[in-house]
Each structure stands twice: as C-alpha cells, then as structure tokens.
Amino acid sequence: MKRWGAIVLAAAMLATTACGGQKTESQTKVEDTTGGTQKSASEDSKADFDGEIKIGVLTTGTAIATYTETVTNGANLAANQLNAKGGVLGKKVVIVTSDGSNTADETINGANRLLEDKDMVAVCGYPLSTGCLAIESLFKSAEKPLVISGTSVRLKDETDNEYLFRGRASDAIQARNAAAFLAEELGNDQVMGILYENNDFGQGALQVVEEYCEEKGITLVPEGFNPTDTDITTQVLKLKDAGCQSVVTWIAASSVPTVSSNMYNQGLDVPKCGPVAVTLEENLSNCEPQWIDGWYGVTDICMTKEDAALQTFIDEYYKTFGDDAYLSNEGANIYSHVLWICDAIERAESVDGPAVAEAMRNTDNFPGLNGKYKLVGDRVDYVATIDIAQDKVVDGKVTNQFIKTVGEN
C-alpha cells in the first residue's frame, strides 16, 4: 500500500482560534495532540486514570474492509494521543468498535450493540447514508451523540434530531462545489453534463447540480445509470453528442472503473469532477491509468495537501500502525471526530449525553483535519470545507494532486 505521508510536504502550522480569537482550554489540549512529541502506547498504559470514557466506532466490518481498517486506526490513534496526555477529565479514552456491515439491518444491530453499554458516551463512523438514516432515531431515544459520515442531503432534510452531527461536508456542499469548480474555475459555463447513479446518492447530487445550473444559466444534460450496469456507452455518447464542456460524475466506488473506462473509450475528453470515490487509492488501482488521468474530485481531505497538521497525523499513523497500514481521508475524519467528541466532553465537564450534545452544538471552529467545525445552517452539519484534487499519472501510477480548498466556514 502506498504511503501517502511520503509525498506530503510540511507547511505552516495549522492556526486555530476559538470564539473571540482565544483558544479555549479544551481546544488547546486537543490541538496539542496533532503536533509535538507523542508518548507511546506503552507509556499511556502506565498512566493513572479515574475510570474510562467509551466512544463507539461503527464500522462496515469485512463488507468494506478498507473503511473498517482506516477508521479503527484513526480512532485508536486519537485515543492513544489523548491518553498519553492524561486522558479526558482524568479518565482513559477507550474505543469500542461494532460492525454495521453494509446493510441497514446490520447497521441497526451494530448500533444497538454499542448502545447496550450504558457507559457509551457517543458514537461515530459509518459511511453509508442509508444506514445512518436507519439508526439516527436510536441515538435520539438513547440521548447519545452520533457523529455520522454519511453525506446524503436526506440526513438533514428528513431528520429532526438534536443528537445527530455530521463531521464532514454534505453532498449539497460537495456536489455544488464540483459543479462550481468546472464552471467557474475552468470556465465551462455553457453546457454541463451530469452522469449519476440512479439511487439516493446520485439523485441527491442531481438535484443540487440542477439548482446550481439553473441559478447560473447553464444548460444541464443529465444522464443516469444503474449501479450494476457494466456498459454505459449510450449515456456517455448522449453527453458527448450534446456538446457538454464538462461532466459532474457522481458515482460510488464500485462504478469508478466502469464509468472511467467507458468515457475514455468513447472519447469524452472533457474535464470531469466526481465525489471522493474518484480520489481514493484503492479505486484508482482498479483503473488503467489513462482512464482516470486528469479527473478532478471533491474530497474531505486531499492526503497530498501541504498542511503541517495533516503531515503530523500521517506520520504518527504510519509510525503507530506500520507503513503497510491502509490510510484514507476517512481515517483522518474519524480521528478528528473522536477529538471533537472529547473536546465537547472537556467543555461540558461531563459524560452525560445531553450535556455533551449541547457542547458539540456550541462548537466554534474546532480544528479538525478536514476543516474547522462550526454549525452550518441550523442543524446537523458542522463542516463546509472540501478539497479539490486531481488524479495524475506519475511514474505509471495514479496519485492525487491537491488543487485548492473551497467552502471555508
């Protein structure tokens, strides 16, 4: 597995401020975990703690093994670093994982296993929006904070849950910025295509891009396909024949090889911008380099970005779990989510669910690796920042090149 940290250059240290320009005591404590010399896990085990603080991580088990590996490691790295500095409220932070597989029923079972533990303070993880929708009411009933990684707009539009928090940019932010980058940054502002999956994920993005194009006076050519399709020649040719100057490709991981190969083989040689799936190393490895070369993607964190806090995290990750450990933006997100939860516990001076949730709602520019956390709009969303990355072939392999950060909140 490629070691991302080897191609990241250190830059100026991440500057963060709390409300009024001053860091809170808890923010200072958490920020210190992203830099400086860390104690080893063995030193952590020698510390004297007054009890434990349990934080759950809902994974996908072997159904999406790479996600499970990187988020489990990211959460444990955050806990190790906090514990090396004395824990939270003098207590040891303990990560408890549970498998949600990749179905709604299994996600419910995985969430219930975590909630059965009366000492569980909060839970984070799980990337699939359908599963997040299936479990959010469980946490409302239990009065326990749930930090979700699903990006569907439905998680905000169709829920009313003061215990639901999203620690990454939603599809509404990601899809709009993908379209805006193609139109405004690259100048393709006359005819735009969107190739999307016929499911909640793709149709949610379609709605966002339709609204953007209507607002900007851009002609939109929409073409959908089923996620199980292996030949989308018809859709690709329609986009080409319509004279699309660029295409938003809103596709999941499994569709990246199909879509990229079909577009390459049909000669649709225009700028393309997709979601995080088109930036992940394991997806790019399933494509011939020429299929995906030059594509753009919107992602929570471009792992080649010049950022000192990100560099420190990457170095500590591989130092702890080995150079062959799998790392993606999702591991960095969950690392940040655990630190955010613990920052709220410190500010609340309590492990009581309602108190921790209230402190999380009052978060003001917490320094996550994927942006500063602060309420976006009225509820659920706390991150408006995304990175634009480009897939480029280097020495015969595809890697990401950081282009810019957009959507700062």
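Tyr-196 stands opposite Trp-250 in strand β8. This pair belongs to the contact between strand β6 (residues 191-197) and β8 (residues 246-250), which run parallel and are joined by five bridges. Helices (H or I, at least four residues) and strands (E, at least two) are DSSP runs, numbered from the N terminus, and two strands pair if DSSP finds at least two bridges between them. The model is predicted: local features need pLDDT of at least 70, side-chain atom pairs count only at pLDDT 80 or more, and totals for chains, interfaces and linings use all residues. Residues are numbered from 1 along each chain as its sequence is written, and side-chain values use heavy atoms, with hydrogens and water left out.

Strands β6 and β8 are part of an open sheet of seven strands with mixed pairing, in the order β7-β6-β8-β9-β10-β13-β14. Its edge strands, β7 (219-225) and β14, each pair on one side only. On average, neighbouring strands of the sheet are turned by 25° against each other, direction ignored; axes are lines fitted to C-alpha atoms, for helices over the stretch in contact, and angles run from 0 to 180 degrees between N-to-C directions. Two helices lie across β6, β7 and β8: α8 (residues 200-216), at about 165° to β6, and α9 (residues 233-241), at about 175° to β7.

Further along the sheet, β10 (residues 296-299) and β13 (residues 386-394) run antiparallel and are joined by four bridges, with Tyr-296 opposite Gln-390 in β13. Nine bridges join β13 to β14 (residues 397-406), again antiparallel, and Val-393 stands opposite Val-398 in β14. Two residues lie between the strands of this hairpin, where Asp-395 takes a positive phi near 55°.

In helix α15 (residues 353-361), Gly-353, Val-356, Ala-357, Ala-359 and Met-360 are buried, that is, under 20% relative accessible area with a 1.4 Å probe, protein chains only. Seen down the axis of α15, these buried residues fall within an arc of 160°, so they line one face of the helix; the arc is that of the directions from the helix axis to the C-beta atoms. They pack against β3 (120-125), β4 (146-148), β5 (164-166) and α14 (329-348), contact meaning heavy atoms within 4.5 Å.

Helix α14 also packs with α3 (residues 65-84), at an angle of about 35° and with the axes 7 Å apart. Residues of α3 including Tyr-67, Val-71 and Leu-82 meet residues of α14, among them Ile-334, Tyr-335 and Cys-342.

Terms used
Buried < 20%, exposed > 50% of the residue type's maximum accessible area, 1.4 Å probe, protein only.
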